[in-house]
Amino acid sequence: MTYGLTASARFPVNAMPASASWTSRAHDVLLIGFLLLTFVGTHPFAGVDVAAREDGNLLDRIAVLSLFGLAAYVLWSNLGAALDVFIRNGPFWLVVAMCLASIFWSTHPDLTLRRAMLLVFLTTIAMAIAAGAKDARRMHTMMFVTLAAIMMVNLASVVVAPSLAISPIGVQGMYTQKNVAGSVAMITLIVGITWIFGAESVRSKILGAAVLALIAFFLVITRSRTSINLTVLGIAVCLFCAMCERYRSPFILLSVALGSILVVALMGWLAAYDFDFSAAMASIVSDTSFSGRDELWAFTLNDAEKRPWLGYGYGAYWDVGLADDPLVRAEPGSWLASVAIGVINQAHHGYLELWLHIGLPAMIFAALIIAWGALSGGAKAVFGASDRGVRALVGGMAAILGLHLLHNLTEATLFMRGTPFFNFATLAVFLISRSRFLEAR
């Protein structure tokens, strides 16, 4: 079985229709362009001021519209697959439609229209990539190579341009803050380790492991605790799934037994604190305020409860102008009131953030879609596909979605247009839905 080879390496070039060759190339360009837009952007090593976030960036629009035009060509060339992806992901598109429909009750309909359309464009691009996918192993390799190259640039920036790449609280590389850098490194590590699982040669595994060691070093120096902890968890889950795949029932039964013991131990630990979860967490977490996020959560929750059903409109809560910024209503004397307007532009809690945008029911529905993608992808990786390359790709995408749900407990990326984690999570959802087709190529 061949992995990581182009179509021309497996079949004579002359045997391929010219249209198929052009479509394959367009798909490759679309995938790499999407990854570069997602993880590099149009202004690396440069922050974006408040006014620019409100008005948008012309270069961003050109890049997105260019990729959208290319996506339209790929979708048309793979019309049957495109319809399949769309139908299989109807609930996902329903949430996107809800974001667009929120223009009718938005507090800032002009911003909602522009930002919801960006979500539509990016989602369409991700769908086109999934629809045009033909070879799981080749796609996995392109992802890993592109992301690894981006991370090498980030790592080099620490030496070449330390004034730009290093902040007082950790290494941020080409990004605006260390948490974004940490999440990109985390995604790359998960993509990389699952790529190694799909590799057949020892040489490929050693090379992949060497690259991952450098990326892991970058993750550590970002000092992004959330990403570091989630990466450790994600790798552990990937290793667990690999063991389940190899040893099947005996390992799964052993895991159930050990898991039962762990649950009993956990209940005993909580009982020692009279089931006071806050007190129990305080015994192991030094900062129970999560770097002051508790005040921000309380503030935004109070606003969310004022509009529980439909929210304020997609993209209509933050970055809406200095006069309308929600933190102008912060209680005098709190640290929120002392922060310059525009510095904080998210609730640092993805579920609360999406509630603010499109309401509580839609937020729950959206979270369930991602959770289903993670669970179904994990099941397909362990028990479904017979192709090793498909299992590796789908398993990696499932792990990313699981981490995405956890990551949103302290950061806000769930259905947030343009954020690196959600852009990639969107692609992961669509690819998992196409796993059967990738296996049957």
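This is a predicted model: local features need pLDDT of at least 70, side-chain atom pairs count only at pLDDT 80 or more; totals for chains, interfaces and linings use all residues.
The protein is built from 21 helices and two strands. Of its 441 residues, 49% count as buried.

Helix 10 covers residues 178-198 and helix 11 covers residues 202-222; the two pack at an angle of about 165°, and their axes are 9 Å apart. Because of this angle, helix 10 is roughly antiparallel to helix 11. The crossing of helix 10 past helix 11 is left-handed. On the helix 10 side, the contact is made by Lys-178, Ala-181, Gly-182, Ala-185, Thr-188, Leu-189, Gly-192, Ile-193, Trp-195 and Ile-196. Helix 11 contributes Ser-204, Lys-205, Gly-208, Ala-209, Leu-212, Ile-215, Ala-216, Phe-218, Leu-219 and Thr-222. Sorted by class, this contact has twelve nonpolar, six polar and two charged residues.

Attention now turns to the aromatic rings. A pair of such rings is described by the distance of the centres and the angle of the planes. In this model the count comes to ten aromatic pairs. One of them joins Phe-92 and Phe-422, whose ring centres are 6.1 Å apart with planes at 0°, so the pair is stacked. Phe-92 belongs to helix 6 (residues 90-101) and Phe-422 to helix 20 (residues 420-433), so the pair ties together parts that are 330 residues apart in sequence. Phe-92 is buried, at a relative accessible area of 1%, and Phe-422 is buried with a value of 1%. Another pair has a contrasting geometry: the rings of Tyr-317 and Trp-318 have centres 4.9 Å apart and planes at 85°, so they meet edge-to-face. Tyr-317 is buried, with 3% relative accessible area, and Trp-318 counts as buried at 4%.

Ring pairs also link Phe-92 and Phe-422 with Phe-415 and Phe-430 into a cluster. Most residues other than glycine have a negative phi. Phe-415, however, has a positive phi of about 55° although it is not a glycine. Phe-415 sits in the loop between helix 19 (388-407) and helix 20, and it counts as buried at 0% relative accessibility. His-348 is also a residue other than glycine with a positive phi, near 55°. His-348 is found in the loop between helix 16 (335-338) and helix 17 (350-358). With a relative accessible area of 17%, His-348 is buried, since the cut-off for that class is under 20%.

The last stop is Ser-435, which lies in helix 21 (residues 435-439). Ser-435 counts as buried, with 8% relative accessibility. What does Ser-435 contact, leaving aside its neighbours within four places in sequence? The residues in question are Lys-380, Val-390 and Val-394.

Note on methods
Residues are numbered from 1 along each chain as its sequence is written. Side-chain values use heavy atoms; hydrogens and water are left out. Axes are lines fitted to C-alpha atoms, for helices over the stretch in contact, and angles run from 0 to 180 degrees between N-to-C directions. Helices (H or I, at least four residues) and strands (E, at least two) are DSSP runs, numbered from the N terminus. Angles under 35 degrees count as roughly parallel, over 145 as roughly antiparallel, 65 to 115 as roughly perpendicular and the rest as oblique. A crossing is left-handed if the near helix is turned anticlockwise from the far one by less than a right angle, and right-handed if clockwise. Contact means heavy atoms within 4.5 Å. Ala, Val, Leu, Ile, Met, Phe, Trp, Tyr, Cys and Pro count as nonpolar, Asp, Glu, Lys and Arg as charged, and the others, Gly among them, as polar. Rings of Phe, Tyr and Trp (its six-membered ring) pair if their centres lie within 6.5 Å; planes under 30 degrees apart count as stacked, over 60 as edge-to-face and the rest as tilted. Buried means under 20% relative accessible area, exposed over 50%, partly exposed in between (1.4 Å probe, protein chains only).
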